[in-house]
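Let's read this model together, one feature at a time. Have the sequence and the 3D view open as we go.

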Amino acid sequence: MPSTQPKKKPAVVQTKQIGKYKVEVINEKCISAASCVAIAPKVFDLDEEGIAIILSQDGEDDETKLLAAQSCPTAAIIVTDTETGEQVWPR
Ligand code: SF4
C-alpha cells in the first residue's frame, strides 16, 4: 500500500567554508607579536601564555589568512592549500 505521508526531505548540513587555505601555528616560533591577531582576529587569538592559537579556519577569507601569516615576524604560521596540498607560505 502506498504511503500517504509526504516524502521527507533529506537533512541538509551546511558547513561554512571560506576559501581553501589551512593555517597552522608553530608554537616554538611564536614570539607573541600578535600581528596575526590584528589582521585576522576571527582566525587567530593568543592563549594565556601569549602563543597564537587558531580559533577557526573559516573566520576569514584566504587572502586575509595569507596576509596574517605573512605579517608574522618569525614565519610561525604555515599556510597550506587544501586542494593541492602545497605549502603556500612560507615559500
Ligand atoms: S604574528 Fe607570529 S609571532 Fe606574532 S602572535 Fe602571530 S604567530 Fe605568534
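**Around the ligand**

Q: How do the residues of the shell around the ligand divide into nonpolar, polar and charged?
A: There are 10 nonpolar, 4 polar and no charged residues in that shell. Here Ala, Val, Leu, Ile, Met, Phe, Trp, Tyr, Cys and Pro count as nonpolar, Asp, Glu, Lys and Arg as charged, and the others, Gly among them, as polar.

Q: Which residues are the closest to the ligand?
A: A residue is near a molecule if its C-beta atom, placed from the backbone, lies within 6 Å of it. By that rule 14 residues surround the ligand, and Cys30, Ala33, Cys36, Ala52 and Cys72 are the closest.

Q: How should I treat the model itself?
A: This is a predicted model: local features need pLDDT of at least 70, side-chain atom pairs count only at pLDDT 80 or more, and totals for chains, interfaces and linings use all residues. Residues are numbered from 1 along each chain as its sequence is written.

Q: Which residues have the most contacts inside the largest nonpolar core?
A: A nonpolar core is a set of buried Ala, Val, Leu, Ile, Met, Phe, Trp, Tyr and Cys residues joined through C-beta atoms within 7 Å. Buried means 20 or more other C-beta atoms within 10 Å of a residue's own, exposed means 12 or fewer, and partly exposed is in between, with C-beta atoms placed from the backbone. The largest core has 15 residues, and Val23, Cys36, Phe44, Ala68, Ala69, Ile77 and Val79 have the most contacts inside it. The largest share of this core, 3 residues, comes from α2. Helices (H or I, at least four residues) and strands (E, at least two) are DSSP runs, numbered from the N terminus.

Q: How do the strands pair?
A: Two strands pair if DSSP finds at least two bridges between them. Antiparallel β1 and β4 are joined by 5 bridges, and Tyr21 stands opposite Asp81 in β4. β4 also pairs with β5 in the antiparallel sense, over 2 bridges, with Val79 and Trp89 as bridge partners. The hairpin of β4 and β5 has 5 residues between the strands, and Gly85 in its turn has a positive phi of about 80°.

Q: What backbone angles deserve a look?
A: Most residues other than glycine have a negative phi, and most peptide bonds are trans. Ala34 has phi near 70° and sits in the loop between β1 (21-25) and α1 (35-39). With 17 C-beta neighbours inside 10 Å, Ala34 counts as partly exposed. Ala75 has a positive phi of about 55°. The peptide bond from Trp89 to Pro90 is cis, with omega near -10°.
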